[in-house]
There are 2 protein chains.
Amino acid sequence: MAIKYPNPTQNNTQPNHLKSQGMMFENALNLSNEYYLNKGIANIHKKPTPIQVVKVDYPKRSASKIVEAYYKTPSTTDYNGIYRGKYIDYEAKETIKNLFPFKHIFPHQVEHLVSINKLGGIAFVIIYFRSFNEVFIFDIEIFNELYTKGEKQSINHDDALKYGLKVPLGYRPLIDYLKVVDIMIDRKN
Amino acid sequence: MAIKYPNPTQNNTQPNHLKSQGMMFENALNLSNEYYLNKGIANIHKKPTPIQVVKVDYPKRSASKIVEAYYKTPSTTDYNGIYRGKYIDYEAKETIKNLFPFKHIFPHQVEHLVSINKLGGIAFVIIYFRSFNEVFIFDIEIFNELYTKGEKQSINHDDALKYGLKVPLGYRPLIDYLKVVDIMIDRKN
């Protein structure tokens, strides 16, 4: 079976890699961050998933084997790093519905992003609406207002268009979200 | 048996919590970061240990149980976050010998810190010399010079006094390393 390589000659103005190839949003973000890193543009990484290790076996002549462990609730967010000298911090979410329910983010993660914003960092939630094949960034100030106002249980596509900043999708990087971060940095300066 | 509570009236000018209580350096750093966070001074966290999950059991009516997993090499460093609007990134090390061998840090971690420094972040290695009960910060520029010059295999106490910045130890926070970060930020401005 032939491996499907991305075709660099395709029309980059109407990219649909994310949707057509069924790529997970997280993977696409990781690849985009790798691109930024290799170009010397930014240094942003996904944090490892926190795991509580309970029992480890130490077999002779081979690596320690974890035999009992559990997933823990992350104390902060998915991604952080540096761009244009600024501290960047965000939570990445994907929804297959045409809305993003607030229950899919932990209150302490929102609080963490609010704290980062207060300390002068660039903090946001980035959401991929798979059914629209669109990615939006929500500045934590706006997100937190929608989140705490209590009138809404979710962000739908209309809200996204109204309150979010649309992220250009492309070939390299797949998700060119630093273009939107540029706007956010310039607004705050 | 009585629990030994720290005594707030003790002489803070000669603190020795780290040594006398046999506290792990990492724990002391985490508590210091918690202090900074609660005071609204900084938001700096230890990243979770990266673990490669191989097999997970999904028992009914209880949490997913990881039954086979392995420790992975960290792709970046131990700690990162924000202070005074700056991106902060560092690797923390502890040595019971009177020197720190370079083989205890991965080359790609040094490269990561060099990259952060280039992008305008504050990047360093913080080392606790347990036998001296002293903590030193090495700016990544200086550390990388010692590391790549090839003449040295380690940093001894004399090197620490010459090339490092000594971190004040206290009661709250235990390791007041942001005092040294202040000096680093002011030098770079």
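A salt bridge here is a side-chain nitrogen of Lys or Arg within 4 Å of a carboxyl oxygen of Asp or Glu. Keep that cut-off in mind for the first stop.

This is a predicted model: local features need pLDDT of at least 70, side-chain atom pairs count only at pLDDT 80 or more, and totals for chains, interfaces and linings use all residues. Residues are numbered from 1 along each chain as its sequence is written, chains are lettered from A and ligands numbered from 1 in the order in which they are written, and side-chain values use heavy atoms, with hydrogens and water left out.

**Stop 1: D186 and R84, chain B**

Select D186(B) and R84(B). They form a salt bridge, with the closest N and O atoms 2.9 Å apart. D186(B) sits in helix α6 (residues 178-188) of chain B and R84(B) in the loop between β4 (79-83) and β5, so the pair ties together parts that are 102 residues apart in sequence. Helices (H or I, at least four residues) and strands (E, at least two) are DSSP runs, numbered from the N terminus. A search of the whole structure gives 18 salt bridges over all chains.

Stay on R84(B). Its phi is near 50 degrees, a positive value in a residue other than glycine. Most residues other than glycine have a negative phi, and most peptide bonds are trans.

**Stop 2: the cis peptides**

Now select R172(B) and P173(B). The peptide bond between them is cis, with omega near -5 degrees. P173(B) lies in the loop between β10 and α6 of chain B. Switch to chain A. A cis peptide bond joins R172(A) and P173(A), with omega about -5 degrees. P173(A) lies in the loop between β10 and α6 (178-188) of chain A.

**Stop 3: the sheet of chain B**

Show chain B as a cartoon. Six strands form an open sheet in the order β1-β4-β5-β7-β8-β10, with mixed pairing. Two strands pair if DSSP finds at least two bridges between them. The edge strands are β1 (42-46) and β10 (165-166) of chain B, each pairing on one side only.

Go to β5 (residues 86-95) and β7 (residues 122-129) of chain B. They run parallel and are joined by eight bridges. Pick A92(B): its bridge partner in β7(B) is I126(B). Contact means heavy atoms within 4.5 Å.

**Stop 4: the sheet of chain A**

Move to chain A. Its open sheet of six strands has the order β1-β4-β5-β7-β8-β10, again with mixed pairing. Select β4(A) and β5 (residues 86-95) of chain A: they pair in the antiparallel sense over five bridges. In β5(A), the bridge partner of G81(A) is I88(A). Then select helix α4 (residues 140-149) of chain A. This helix lies across β7 and β8 (134-139) of chain A, at about 85 degrees to β8(A).

**Stop 5: the interface**

Show both chains. How many residues of chain A are in contact with chain B? There are 33, and they meet 33 residues of chain B. The area buried between the chains is about 2,700 Å², with carbon and sulfur atoms giving 66%. Buried area is the accessible area (1.4 Å probe) that two parts lose on being put together, summed over both.

Select I66(A), I82(A) and L119(A). These supply 22% of the area that chain A buries against chain B, more than any other three residues. The count of salt bridges between chain A and chain B is zero.

Next, colour β3(A). This strand gives the most to the side of chain A that touches chain B, with seven residues. Within chain A, β2(A) and β3(A) pair in the antiparallel sense over six bridges. K55(A) has E68(A) as its bridge partner in β3(A). Centre on I66(A): opposite stands A69(B) in β3(B).

**Last stop: the axis**

Zoom out. A rotation of 180 degrees with 0.0 Å of shift along its axis superposes chain A on chain B, with RMSD 0.0 Å. That is the relation of a two-fold axis. The superposition is by least squares on the C-alpha atoms of residues with pLDDT of at least 70 in both copies. 100% of the interface residues of chain A are also interface residues in chain B, so the copies meet through the same surface.

Technical notes. Axes fitted to C-alpha atoms, helices over the stretch in contact; angles between N-to-C directions.
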